[in-house]
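We will go stop by stop.

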Amino acid sequence: MAKVEGEIVGAIVCKLDEHKKGSYRGYIAMLAVDKNHRRKKIGSSLVQKAIQTMIDHKCEEVVLETEITNQAALNLYQQLGFVRDKRLLKYYLNGVDAFRLKLWLK
């Protein structure tokens, strides 16, 4: 969670699961930053902290999905080293496709 002057302005929801025997995969389910506080590196900071926590717990890769039309999210994750792994057709309830993004840590 990110706060500015005591106000919550950002949050990330993520988890770490066993992926293969002895291997762990992180998953970022959601990243949200208040519209009035975007472009201040809050989202990047939340993702970097989550990734570092995953690394501390022996995570080998991190995955997430984002709408193919969400250029801001695609740019953010690309700057952090994520790559497009696959396109997921009609992934969201509104019928929009998604990209699965992946960051290899090992």
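Predicted model: local features only at pLDDT ≥ 70, side-chain atom pairs only at ≥ 80, totals over all residues.

**Stop 1: helix H2**

Residues are numbered from 1 along each chain as its sequence is written, and side-chain values use heavy atoms, with hydrogens and water left out. Helices (H or I, at least four residues) and strands (E, at least two) are DSSP runs, numbered from the N terminus.

Now select H2 itself, residues 71-79. Which residues of H2 are buried? They are Ala 73, Leu 74, Leu 76 and Tyr 77. Here buried means under 20% relative accessible area, exposed means over 50%, and partly exposed is in between (1.4 Å probe, protein chains only). Because they cover an arc of only 165° around the axis, these residues sit on the same side of H2. The arc is that of the directions from the helix axis to the C-beta atoms.

Turn to the face of H2 that points away from the buried side. The exposed residues Ala 72, Gln 78 and Gln 79 are there. Next, show what the buried residues of H2 pack against: E3, H1, E4, strand E5 (83-88) and strand E6 (98-104).

**Stop 2: the largest pocket**

Show the surface. Rolling a probe the size of a water molecule over the atoms shows where empty space is left. The largest pocket has a volume of about 790 Å³. A pocket is an open set of points on a 1 Å grid over the protein atoms alone, where a 1.4 Å probe fits, with protein on both sides within 12 Å along at least five of seven lines; lining residues have an atom within 4 Å of a point. The volume is the space filled by probe spheres set on the points, which are joined across faces, edges and corners.

Select Leu 31, Gly 43, Ala 72, Ala 73 and Leu 76. Of the 27 lining residues, these are the closest to the pocket's centre. Four elements to colour are strand E3 (23-33), helix H1 (42-56), strand E4 (59-67) and helix H2 (71-79); each gives two or more residues to the lining. Which element gives the most? E3 does, with seven residues.

Colour the lining by class: 15 nonpolar, seven polar and five charged residues. Ala, Val, Leu, Ile, Met, Phe, Trp, Tyr, Cys and Pro count as nonpolar, Asp, Glu, Lys and Arg as charged, and the others, Gly among them, as polar.

**Stop 3: Ser 23**

Stay with strand E3 and pick Ser 23. Ser 23 is buried, with a relative accessible area of 10%. Its side chain joins that of Glu 60 in a polar contact of 3.3 Å. A polar contact is a pair of N or O atoms within 3.5 Å; within protein, one must be able to donate a hydrogen and the other to accept it, and residues adjacent in sequence count only if both atoms are side-chain atoms.

**Stop 4: two loops**

Select Glu 5, in the loop between strand E1 (2-4) and strand E2 (7-20). Glu 5 is not a glycine, yet its phi is positive, about 50°. Is Glu 5 buried or exposed? Glu 5 is exposed, at 82% relative accessibility.

Finish at Lys 41, in the loop between E3 and H1. Lys 41 is not a glycine, but has a positive phi of about 70°. Lys 41 counts as exposed at 59% relative accessibility.

Definitions and conventions:
Contact = heavy atoms within 4.5 Å.
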